[in-house]
Amino acid sequence: TALPVEGYHTRSKTRASAHAKENEMKATTTFLTTTVMAIGLLCLFNHSTATAQSGWFWQNPLPQSNHLSGVAFTDANNGTAVGIGGTIIRTTDGGTSWTCQSSGTLEWLWGVSFVDANNGTAVGSEGTILHTTDGGINWEIQQSETTKGLYGVSFTEAKTGTAVGEYGMILRTTDGGTSWIAQSSGTTKWLNEVYFINVDNGIA
């Protein structure tokens, strides 16, 4: 459900089976997040006043103004957001400040997952998969062996993760992304999100 704030839109939970739909979404998508449940770059905060009131404050477009599609926090301080044109931004202070990182790609990044402050994976258009072991100081491009768009990714520990995307695409790794193996999903629908609670049990 879209928040009633002018200029903000949530990503559609369904995508048409053509890249024209993705391009349309690129022109209209912006995301929100809280420090508790992240969905973009707004953060819930407590004023340091005696009344200790809480509310929302504007963090995007600082330090950039690109559309953002995915975000992952591993604790109250460390988080990473990804978006259009290979955008990756990082916070280590709960969103008070964000730093741009070099992704090495211009593809739209749709999803990101971190298992701790250092180990993370981002996925995007044209089968793009990026991996970091140092909190995003360096991002390495991994081979997905597909050109289908990838929209969601979930890691439960540093070695084991699953990515999903166009036309029922599911990819699985058990070696930290050195290799990704396609799995049969039984559907040709676009899979937008994936979440695993442990290495065996997940939903897409």
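**Close-up views of a predicted model**

**Figure 1. The cavity of the predicted model.** The structure holds one cavity of 30 Å³ or more. In this predicted model, the space within the largest cavity amounts to about 30 Å³. The residues lining the largest cavity are Ser-113, Val-115, Asn-119, Gly-120, Thr-121, His-131, Phe-155 and Ala-158. Sorted by class, this lining comprises five polar and three nonpolar residues, with no charged residues.

Figure 2. Strand S4 spans residues 79-83, and five of its five residues are buried, so the strand is largely enclosed by the rest of the structure. Gly-79, Ala-81 and Gly-83 point one way from S4, while Thr-80 and Val-82 point the other way. Residues pointing in either direction are all buried.

**Figure 3. Pairing of strands S3 and S4.** Strand S3, residues 68-73, runs antiparallel to S4 and is joined to it by five bridges. Leu-68 has Gly-83 of S4 as its bridge partner; Gly-83 is also among the buried residues of S4. The two strands, S3 and S4, make up a hairpin in which five residues lie between them.

**Figure 4. Pairing of strands S4 and S5.** Four bridges connect S4 with strand S5, residues 88-91, and the pairing is antiparallel. Within this pairing, Ile-89 of S5 stands opposite Ala-81, a buried residue that points from S4 the same way as Gly-79 and Gly-83. S4 and S5 also form a hairpin, here with four residues between the strands. In the turn of this hairpin, Gly-85 has a positive phi of about 65°.

**Figure 5. Asn-78 in the loop between S3 and S4.** Asn-78 belongs to the loop between S3 and S4. With a relative accessible area of 16%, Asn-78 falls under the 20% limit and is therefore counted as buried. Apart from neighbours within four places in sequence, Asn-78 is in contact with Ala-72, Phe-73, Arg-90, Thr-91, Thr-92 and Ala-117. Among these contacts, Ala-72 and Phe-73 fall within the residue range of S3, and Arg-90 and Thr-91 within that of S5.

**Figure 6. Confidence along the chain.** The average pLDDT of the chain is 80, and 70% of the residues score at least 70. Over residues 1-53, pLDDT stays under 50. For residues 1-53, the model has 116 contacts beyond four places in sequence.

Key: Residues numbered from 1 in each chain as written. Predicted model: local features only at pLDDT ≥ 70, side-chain atom pairs only at ≥ 80, totals over all residues. Heavy atoms only, no water. 1 Å grid on protein atoms, 1.4 Å probe; cavity = no way out; pocket = protein on both sides within 12 Å on 5 of 7 lines; lining within 4 Å. Points joined across faces, edges and corners; volume = space filled by probe spheres on them. Nonpolar A, V, L, I, M, F, W, Y, C, P; charged D, E, K, R; others polar. pLDDT = per-residue confidence, 0-100. Contact = heavy atoms within 4.5 Å. Buried < 20%, exposed > 50% of the residue type's maximum accessible area, 1.4 Å probe, protein only. Pairing = 2+ DSSP bridges.
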